[in-house]
Amino acid sequence: MAEKAQYEELIRQFSAFGAVKREMGRLLPSDCTGGSVAVLTLLGRHGDMRMSKLAELLAVDMSVTSRHVAHGAERGWIERLPDPADKRSRILRLTPAGQDQLDEIAERTTQLLSHRLSDWSDDEVGQLSRLMARLRASFDDCRAPAARPPALSGDAQSTRTPAITT
């Protein structure tokens, strides 16, 4: 297991990573939010699905998912079709305009990363990608009660999130 100082450095790096996310967010078209990108990406990757499945993949509640889907549907990126198995439900589908939007965002993001990581080797980029995937996988079940971290000693009743500093 890593030393406490290593975890503290990870906290600082996570906090500083916000600058990377903000720069990537500036690449998005003005009418395309980060939530919309997440929805388009999941529909592009997984294909047609129900709203409940999308909410599960996004790891957010249905009301948040519904807002993101409505935003995309209003712009013609997503269509909501009747579910043949349950007429009360809808199947979400990426439209050709949604695929075009997703392709444009992927191209912009790829160009940014290519520019910013131009002095990285292919092996370094691959290693970063593998480690980020592994980190994300370590948090996949974080919403399940059994996966919650143990309470801090002497502070078991606290529900505050510790401050993150840079």
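I call a residue buried under 20% relative accessible area, exposed over 50%, and partly exposed in between, with a 1.4 Å probe and protein chains only. The model I am reading is predicted, so I kept in mind that local features need pLDDT of at least 70 and side-chain atom pairs count only at pLDDT 80 or more, while totals for chains, interfaces and linings use all residues. Residues are numbered from 1 along each chain as its sequence is written, and side-chain values use heavy atoms, with hydrogens and water left out.

**Entry 1: charged pairs**

I looked up salt bridges under the rule that a side-chain nitrogen of Lys or Arg lies within 4 Å of a carboxyl oxygen of Asp or Glu, and the count came to 10. Helices (H or I, at least four residues) and strands (E, at least two) are DSSP runs, numbered from the N terminus.

I began with helix H5 (residues 96-116), where Glu104 and Arg108 lie four residues apart, about one turn of the helix. Their side chains meet in a salt bridge at 2.9 Å, N to O. Arg108 has a relative accessible area of 30% and is partly exposed, and Glu104, at 36%, is partly exposed too.

In helix H1 (residues 4-26) I found Arg12 and Glu9 three residues apart, so that about one helical turn separates them. They form a salt bridge whose closest N and O atoms are 3.0 Å apart. I noted a relative accessible area of 33% for Arg12 and 32% for Glu9, and each counts as partly exposed.

Which residue forms a salt bridge with Asp48? I found Arg93, with the closest N and O atoms 2.7 Å apart. This pair links distant parts of the chain, 45 residues apart, since Asp48 sits in the loop between helix H2 (34-46) and S1, whereas Arg93 belongs to strand S3. Asp48 is partly exposed at 38%, and Arg93 is partly exposed at 33%. I also recorded a network of salt bridges that links Asp31, Glu74 and Arg75.

**Entry 2: the sheet**

I counted two strands as paired if DSSP finds at least two bridges between them. The sheet is open and has three strands in the order S1-S3-S2, with antiparallel pairing. Its edge strands, each pairing on one side only, are S1 (49-50) and S2 (78-83). Strand S3 (residues 86-94) pairs with S2 in the antiparallel sense over six bridges, and helix H4 (residues 62-74) packs on the sheet, touching S2 and S3, with its direction at about 110 degrees to that of S2.

**Entry 3: helix contacts**

For these entries, contact means heavy atoms within 4.5 Å; axes are lines fitted to C-alpha atoms, for helices over the stretch in contact, and angles run from 0 to 180 degrees between N-to-C directions. Angles under 35 degrees count as roughly parallel, over 145 as roughly antiparallel, 65 to 115 as roughly perpendicular and the rest as oblique.

H2 and H5 pack at about 110 degrees, with axes 10 Å apart, which makes H2 roughly perpendicular to H5. On the H2 side I listed Val37, Leu40, Thr41 and Gly44, and on the H5 side Gly98, Gln101, Leu102 and Ile105.

The axes of H2 and H4 come within 9 Å and cross at roughly 85 degrees, so this pair is also roughly perpendicular. Here Gly35, Ser36 and Val39 of H2 meet His68, Val69 and His71 of H4.
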